[in-house]
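Dear colleague,

Here is the structure I said I would pass on. My notes on it follow below.

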Amino acid sequence: MENRTFDVTALGELLIDFTENGVSGQGNPLLEANPGGAPCNVLAMLQRLGRKTAFIGKVGKDMFGAQLREAVASAGIDLRNLVEDEEVHTTLAFVHTKEDGDRDFSFYRNPGADMMLQKEEIQDELIQNSRIFHFGTLSSTHDGVREATRHALRVAKEAGCMVSFDPNLRPPLWKSLDDAKAEIEYGLAQADILKISDNEVEFLFGTTDYDAGARMLIEKYQIPLICITLGREGSRAYYKGLRVDAPGFIQKNTIETTGAGDTFCGCMLNSVLEYGLDNLTEEKLKELLLFANAAASVITTRKGALRVMPTREEIDACRNGNQ
């Protein structure tokens, strides 16, 4: 598997995040059209760290689809399996940032092009030539793209890929939260590597005891590596009976948290590619978490994510207190 063409191939949503960027002279909010979508954000971080990645997804044949294609290509991500929909427009998300940096999302996706991906449009060889296949739940909100995601996972499993999963819960995009929970549970059953947030653990298990949540995940799904992100408190890893904690890096210049989890996830996968999944030690897990926490901290000082992922030097500077 070391000789495969791609380190990570991801499938999922690619969209425009409209983020607030001041007020016009007339007093109207100004919105900046940032390229986004969790799977591509993860790949952009990996590309920044020198990894080779590919993306599978769908955009509309419109101005936003063209903008996204250019942005993702400029990040170095392979786009041979980015499909254009002739009829359905590119998905849009409007992000409202609260005073504490948390966000509210409003989606224009009824339908959106990312939902229209069909299993027949997936180039299986991309997945077969990858070390890791990464996905989230937003590619399982509707029947057609859900079938495509299931197909991609079968291909990944048959090819012996490591499977990485980030639930990336976005309640407004689900007909019901029961559906969301069912799809998260399906993803958990496929995962070798899990990045999950504190609020997603609470959603699944109704507890803020994250050790208890991790224990239930391990017992039910036998996931080898679980990383729980804890916002400002840092993150925690669970692996073969080990629990490792690492603090967060607080930024005085934080603007918003868009992309922080995706940045963490990209760094986490980079460490798995570097160390392997079979023989992680407490020291390696600590290094994984600290590096990923620092990268996530840096991205909170920037608007958007895909175009502005931090370099290794910027991550190291954050860790060393030279922010």
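Contact here means heavy atoms within 4.5 Å. The model is a predicted one. By that cut-off, and leaving aside neighbours within four places in sequence, Ile193 is in contact with Ile132, Met162, Val163, Ser164, Phe165, Ile223, Leu225, Met268, Leu269, Val272 and Leu277.

Ile193 also belongs to the largest nonpolar core, which has 58 residues; together with Leu14, Leu225 and Leu269, Ile193 touches the most other members. Helix 9 gives the most to this core, with 11 residues. A second, separate core has 47 residues, including Phe6, Phe105, Ile122 and Ile127.

Helix 9 covers residues 282–299 and reaches 26 Å from its first C-alpha to its last, close to the 26 Å expected. Of its 18 residues, 13 are buried, so helix 9 is largely enclosed by the rest of the structure.

On the sheet: it is open, with 9 strands in the order 5-4-1-8-9-10-11-12-13 and mixed pairing. Strand 5 (78–85) and strand 13 (242–246) are at the edges with a single partner strand each, so one side of each has no neighbour in the sheet. Neighbouring strands are turned by 15 degrees against each other on average, direction ignored.

Strand 10 (193–197) and strand 11 (225–229) run parallel and are joined by 5 bridges. In this pair, Leu194 stands opposite Ile226. Helix 6 (198–205) packs on the sheet, touching strand 9, strand 10 and strand 11, with its direction at about 90 degrees to that of strand 10. Helix 1 (38–48) lies across strand 1, strand 4 and strand 8, at about 145 degrees to strand 4.

Regards

Notes
Residues are numbered from 1 along each chain as its sequence is written. This is a predicted model: local features need pLDDT of at least 70, side-chain atom pairs count only at pLDDT 80 or more; totals for chains, interfaces and linings use all residues. Side-chain values use heavy atoms; hydrogens and water are left out. Two strands pair if DSSP finds at least two bridges between them. Helices (H or I, at least four residues) and strands (E, at least two) are DSSP runs, numbered from the N terminus. Axes are lines fitted to C-alpha atoms, for helices over the stretch in contact, and angles run from 0 to 180 degrees between N-to-C directions. The expected span of a helix is 1.5 Å times one less than its number of residues. Buried means under 20% relative accessible area, exposed over 50%, partly exposed in between (1.4 Å probe, protein chains only). A nonpolar core is a set of buried Ala, Val, Leu, Ile, Met, Phe, Trp, Tyr and Cys residues joined through side-chain atoms within 4.5 Å.
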